[in-house]
Amino acid sequence: MKASELRQRYIDFFVKNHDHKEVKGASLIPENDPTVLFTTAGMHPLVPFLCGEKHPAGVRLVNSQKCVRTDDIDEVGDTTHLTFFEMMGNWSLGDYFKKESIQMSYEFLTEELGFDPKQIVVSCFEGDADAPCDDEAAATWEELGFRRVKKGEPCEGGLIYFYGKKENWWGPAGQTGPCGPDTEIFYIKDQPKCPGCDEMGPACECGKYVEIWNNVFMEYIKNEDGSFNECDQKNVDTGLGLERVAGLMQNVATPFETDLFVSAIKKIRELGGGNKDEDFLISQRIIADHLRAAVFILGDPFGVAPSNTDQGYVLRRLIRRAIRFGKKMGIEGAFCEEIAKIYIEIYKDVYPELEQFQDKIMAELKKEEEQFSRTLVQGEREFEKMLPNLMKNKEPILPGRLAFKLYDTYGFPIEMTEELAEENGLKVDREGYDKAFEKHQELSRAGAKEKFAGGLADHSEQTTKLHTATHLLHQALRKVLGDHVEQKGSNITVDRLRFDFTHPEKVTREQLDEVEAIVNEQIQKGQTVSCEEMSVEDAKKAGAIGLFESKYGDTVKVYTVRDFSKEICGGPHVENTKDIGSFKIKKEQSSSAGVRRIKAIVSNE
């Protein structure tokens, strides 16, 4: 079964058999969520609705969501880790709960996909001081023919295991919020058990047991004092990894052997001379993974360009890491565009934005390859400058701090520094480099923690004001600069709003003053803010602006500030513009080619 068929069968199963509504997947760049750089799970775009807001499409939803996770970027190259992946998911927003969710998942796996029940083992939450054992979920599995594992019993299909929070609990995403137990479904691969399999059960990480589905039951709220209360609205959030299940359906050992990767891997292998040694296999996977992720990030409607900050930094690292492993394989000259074309062809029917933004994708990849080539030349030049003094040392060692300087200042990869050092009879103090790198990461994490203090789905009074101020800013920019102004990104924390928009040149001080005055005029007028639900077609006819190709589905919320602005949005917003206080633009700058960025604040002064 091809991955495209698997994706569609999943959607059709929940839409046709179980009355779900398909909602479009959201952007890879989270809108108004400062806690993450990328959408890392299917639930991220739905957080407001999991917290109680009404979703325009109803209470049963299904989709396939583009996701990017970079925590394990250095692990990519093995047989399991991916940077970009698709997460298929179905949700119940206060509708069905554990029993129906488990029954649907089991039905899809065994009847739609034909999985042998004897190849399935599951786990549930064992209970602790915060919440009891999830006997409700376990009882549902028992009704389906599973039974609770006995102490010392060998791990096999049809058994129910119980684990603590580490394995069978989700959330909250921040310090507080919705959370709850989950039940995980594992497929037992046809390979020998390791010595720990029977003792650990499906939690064993040897590869024998593949987690394919996670059903999260959000029935608790974690409070600031660490206590837990039951939710008023109990939700279900499930996730089924497309690439992982496609691998099982296609009977291959890794995602890189599925139809989503084989064409790209084949081309990479050809460009690298056809070598199939293990080191080259790892390099091929890294290149294939990183360039696929880069294509989706660049081709996103909110797409970013390579840079030295935030999402742009991650994108730059992915592209440059792919180039570096290409050189390691012996690939000569530029090759990123050639691989990117393969992915655009594979995904263009499901994600038409990739074809729509193909010229941009190619241009940015070409530019980054050219720039990285210059970086490598500069790094080698700096290394040559260091060399005479290094050769005078008693011990042939390149200090870690100097190796890190080459990386931090010039972007020169440590692996290339080690190669140059070896060519000149030197060894790199890798331990010293790792310490310097770890210190750099700690500083970055501390900055990120402070920067992202707003928290996931922060619906505080301050962020609500900033949401509405963003709408006023958007319309004021259109009035001052012209109707070509369109939103390209929005990010809100408790401290400020950040708004990216299309405009070909720097906004002058006079224009910014005019925009600021218009926003404050609307605030002082005390305009009422109203919300209507309507179809996308009616919203367009009504003159609403905003990102229609977004997470909201066929029915959208349209927020109107009296006779001033009309925009689609998930909310929340103030009831009257006077609640905002006052508005001040703090900074205007370039975000990327043809896109400007404004940072602004609101206050009660």
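Predicted model: local features only at pLDDT ≥ 70, side-chain atom pairs only at ≥ 80, totals over all residues.
**Entry 1: salt bridge count**

I began with the charged pairs. Side chains of opposite charge can pair when their charged atoms come close. I found that the structure holds 36 salt bridges, and I picked a few to look at one by one.

**Entry 2: D310 and R498**

I looked up D310 and found it in a salt bridge with R498, with 3.8 Å between the closest N and O atoms. This pair links distant parts of the chain, as D310 sits in helix α10 (residues 310-329) and R498 in strand β14 (residues 497-502), 188 residues apart. Next I checked accessibility. D310 has 22% relative accessibility, so I noted it as partly exposed. R498 has 11%, so it goes down as buried, because the cut-off for buried is under 20%.

**Entry 3: E368 and R320**

I stayed with helix α10 and turned to R320. Its salt bridge partner is E368, and their closest N and O atoms are 2.7 Å apart. E368 belongs to helix α13 (residues 358-392) and R320 to helix α10, so this pair ties together parts that lie 48 residues apart in sequence. I wrote down E368 as buried, at 2% relative accessible area. R320 is buried too, at 13%.

**Entry 4: D434 and R430**

Here I wanted a pair within one helix. D434 and R430 meet through their side chains in a salt bridge of 3.4 Å, N to O. Both are in helix α16 (residues 430-451), and because they are four residues apart, about one helical turn separates them. On accessibility, D434 is partly exposed with a relative accessible area of 37%, and R430 is partly exposed at 32%.

I also noted a network: K98, D134, E136 and E219 are joined into one by salt bridges that share partners.

**Entry 5: strand β6**

Then I looked up its neighbours. Strand β4 (residues 120-125) runs parallel to β6, and four bridges join them. One residue I followed was C124, whose bridge partner in β6 is F162. Strand β5 (residues 147-148) also runs parallel to β6, joined by two bridges. There, R147 has L159 of β6 as its bridge partner.

Conventions
Residues numbered from 1 in each chain as written. Heavy atoms only, no water. Salt bridge = Lys/Arg side-chain N within 4 Å of Asp/Glu carboxyl O. Buried < 20%, exposed > 50% of the residue type's maximum accessible area, 1.4 Å probe, protein only. Pairing = 2+ DSSP bridges.
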